[in-house]
Amino acid sequence: MTDRSSATRLALSLTLLVSCGSFRATAQSSIDQQARKPTEGAQNANSGGVNTGGAHAAVLDQKHRPITAGGFVTAGPHIFDDVAKETGLTTWRHQVGTPEKKYIIETLGSGVALLDYDNDGWLDIYLVNGSTYDAMAGKGPAPHAGLFHNNHDGTFTDVAGKAGVQNDRWGVGAVVGDYDNDGWPDLYVTNFGKNRLYHNNHDGTFTDVADKAGVALGNWSTSATWGDYDGDGKLDLFVPGYVHYDLEHPPEQGTDAVPHSFCQFRGVKVMCGPIGLKGEPDHLFHNNGDGTFTDVSVKAGVADLKSSYYGLASLFIDVNNDGRLDLLVADDSTPNYLYLNKGDGTFEDASFASGYALNESGRETASMGIAAGDLTHNGRIDLYNTTFSDDYKPLYRNDGDGNFTDISYEMGIAEPTVPFLGWGASFFDYDNDGWLDLLMVNGHVYPQVDQTTWGTTWKQRPLLFHSVAGKLVLVPALEGSGLATLAAARGMAYGDLFNDGQIDAVVNNVDGAPSLFRNVTKSSNHWIEFKLIGGPGSPRDAIGASILLTANGFTQRADVISGGSFASSPDQRLHFGLGAATQIKRLEVHWPSGLVETVDIPKIDSICSIVEGKGSVVRPAR
């Protein structure tokens with residue numbers, strides 16, 4: 001980690017505040033104090049609340065609105081339109097608990113998964129729903145999940161009932177993975193209560209086999225991830241646990257379940273937790289190859305038994321370029337985990353040594369989501385975590401060998417994020433210029449913030465950072481565009497929903513209709529996308545594979561992932577913006593089996609398939 005001097009950090013903070021246009025700080029002395037003493041006033045284990053940062057001054061726009069629900073511009077780049085209504089998604093609504101959000105279980109929200117469940121070449125949308133107390137008690141109907149079939153004409157139709165994936169449990173997240181290598185995507189859904197493993201029946205329907213497979217668990221699971229951690233060609237499953245929760249005896253002030261101080265934020269009574277509550281362990285399930293899984297969490301060293309941190313997001317991805325999938329876990333109000341794959345079925349806990357456990361100040365954050373991608377074309381995976389309001393969102397530069405440095409202030413993207421409470425986040429190239437941009441969606445967990453002068457709101461707008469040759473720059477929110485949408489957003493997944501070479505995003509919003517941010521960027525830049533199909537030594541859907549594509553004088557890296565963001569799963573086709581380039585110089589595929597091969601250059605501005613073993617071998621499988 002970087003030991004930035006307080007004077008340097010102060011100077012950066014002041015410069016950022018001056019350069020933010022309509023941003024206005026109402027108490028500069030408070031900002032100065034935060035720069036000198038970044039942990040002063042923290043909502044720590046002795047002072048309650050969920051945030052680990054200090055109280056920041058309110059940031060208002062020119063109309064005196066909190067910047068989380070304002071700061072809009074009337075002229076500027078038009079990137080996204082929210083077309084959820086036009087596409088048919090608003091026939092479905094998310095529902096969780098009561099509007100008052102008295103308990104923590106009502107505040108987490110749910111995710112979204114993008115998958116081509118019927119193998120017709122078009123992405124479909126799975127939206128996880130929450131639940132209500134009446135539904136859990138059998139006194140009312142359960143909110144249903146939605147599976148929206150892509151009609152190929154810009155509209156979607158909900159077929160969840162016909163497909164058998166309505167869930168009808170207190171849902172949290174969903175991740176896509178072909179765990180039985182039959183060429184059809186399956187779906188793992190996490191819940192409060194037992195989880196679901198929906199096996200794809202190849203006929204438009206699914207069957208829940210979680211109990212038979214041994215992955216149902218119980219209590220409170222969050223954002224899972226699929227990945228072949230041991231290189232046997234079969235997808236394994238990691239499931240983080242959040243809080244050990246008792247629906248019959250919920251934590252609240254005046255009970256023995258949690259101390260009074262853990263149910264306040266800035267002196268205001270709010271829902272209790274997660275600090276002060278018992279954590280739920282994490283689980284790693286090894287794929288036995290016969291439709292069943294074995295819990296190897298303890299043996300592998302990823303069980304989180306001693307600390308029981310509050311896991312909210314996870315991702316299998318190779319961060320040290322040794323060809324083996326490592327494991328990231330974003331933890332709420334507790335240190336993050338980075339487990340490096342040792343290649344023998346176990347992991348090394350490198351969380352603190354790597355610099356990923358804490359932020360630049362040496363402080364744990366209330367981490368909600370994970371974005372991962374190669375920002376600067378050096379072949380290394382950089383990381384971004386969304387966090388609570390009153391705290392900046394850390395960007396971790398990959399320094400090689402599994403070491404990371406928080407460079408958020410250095411990059412100039414820290415201060416604008418402070419008022420926002422971030423959830424889903426992803427790196428993707430929205431304008432096809434060959435550089436990864438960053439989208440994060442936001443929304444608070446305390447409805448009470450709308451009655452305060454803290455400068456934050458329950459419903460918040462998204463934030464988009466455009467990459468200018470690796471330097472992330474905040475894109476202004478154009479009035480009437482998707483970036484001006486206000487929602488209590490949670491899960492977000494990206495993908496090319498309309499097969500037009502432009503990346504879109506779907507957002508699951510608490511107690512509301514989803515958002516579909518259609519990419520309407522006007523550009524002459526070129527692009528290409530790849531669907532990878534693994535051979536006998538790799539998972540069939542090639543999760544864990546990566547492509548190195550050289551064009552425009554630099555090499556881009558993209559990885560096939562399942563998970564990350566918050567409680568969500570993205571398009572598994574790999575997308576590359578090519579800028580003005582009309583030719584690709586080199587295309588190299590690194591398969592999970594260890595095989596590295598070059599592939600004949602296909603036609604650009606198209607979606608292509610690559611089958612393992614059909615190219616020219618650069619390095620044989622291990």
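In the predicted model, the mean positions of the 45 positive and 75 negative charges of the protein chain lie 3 Å apart. The protein chain exposes about 21200 Å², of which carbon and sulfur atoms supply 50%. Buried residues account for 64% of the 622 residues in the chain.

The secondary structure of the protein chain consists of 9 helices and 42 strands. The radius of gyration is 22 Å, close to the 25 Å given by the globule rule for 622 residues, so the chain is as compact as a globular protein of that length. Along the principal axes, the C-alpha trace spans about 60 × 55 × 50 Å. Among contacts with a separation of 6 or more, 62% are made by residues 24 or more positions apart.

Strand 11 was examined together with its partners. Strand 10 (residues 186-192) pairs with strand 11 in the antiparallel sense over 3 bridges, and Tyr188 has Leu197 as its bridge partner in strand 11. The hairpin of these two strands has 3 residues between the strands, and within this hairpin Gly193 takes a positive phi near 110°. Strand 11 is also joined by 3 bridges to strand 12 (residues 206-208), again in an antiparallel arrangement. Here His199 stands opposite Thr207 of strand 12. In the hairpin of strand 11 and strand 12, with 5 residues between the strands, a positive phi near 75° is found at His202.

Strand 17 was considered next. Of the 5 residues in this strand (residues 283-287), 5 are buried, so strand 17 is largely enclosed by the rest of the structure. His283, Phe285 and Asn287 point one way, Leu284 and His286 point the other way, and all are buried. Strand 14 (residues 236-239) runs antiparallel to strand 17 and is joined to it by 3 bridges; Leu237 stands opposite Phe285 of strand 17. Strand 18 (residues 293-295) is likewise antiparallel to strand 17 and joined to it by 3 bridges, with His286 opposite Thr294. The hairpin of strand 17 and strand 18 has 5 residues between the strands, and Gly289 in this hairpin takes a positive phi near 85°.

Individual positions elsewhere in the chain were also characterised. Ser426 belongs to strand 27 (residues 422-428). With a relative accessible area of 6%, Ser426 falls under the 20% limit and is therefore buried. Beyond its neighbours within four places in sequence, Ser426 is in contact with Ala371, Asp437, Leu438, Leu439, Met492, Tyr494 and Ser565. Gly400 is located in strand 25 (residues 395-400) and is buried, with a relative accessible area of 10%. Although Gly400 and Asn321 are 79 residues apart in sequence, their C-alpha atoms are 8.3 Å apart in space.

Ser523 occupies the loop between strand 34 (515-519) and strand 35 (526-533). Its relative accessible area is 39%, and Ser523 is therefore partly exposed, a class that lies between the limits of 20% and 50%. The C-alpha atoms of Ser523 and Ser307 are separated by 49 Å, and the two residues are 216 residues apart along the chain.

Notes: Residues are numbered from 1 along each chain as its sequence is written. This is a predicted model: local features need pLDDT of at least 70, side-chain atom pairs count only at pLDDT 80 or more; totals for chains, interfaces and linings use all residues. Side-chain values use heavy atoms; hydrogens and water are left out. Helices (H or I, at least four residues) and strands (E, at least two) are DSSP runs, numbered from the N terminus. The radius of gyration is taken over C-alpha atoms; the globule rule is 2.2 Å times the number of residues to the power 0.38. Buried means under 20% relative accessible area, exposed over 50%, partly exposed in between (1.4 Å probe, protein chains only). Contact means heavy atoms within 4.5 Å. Accessible areas come from the Shrake-Rupley method with a 1.4 Å probe; for residues, only the protein chains shown count as cover. Lys and Arg count as positive and Asp and Glu as negative; His and the chain ends are not counted. The place of a charge is taken as NZ of Lys, CZ of Arg, CG of Asp or CD of Glu. Two strands pair if DSSP finds at least two bridges between them.
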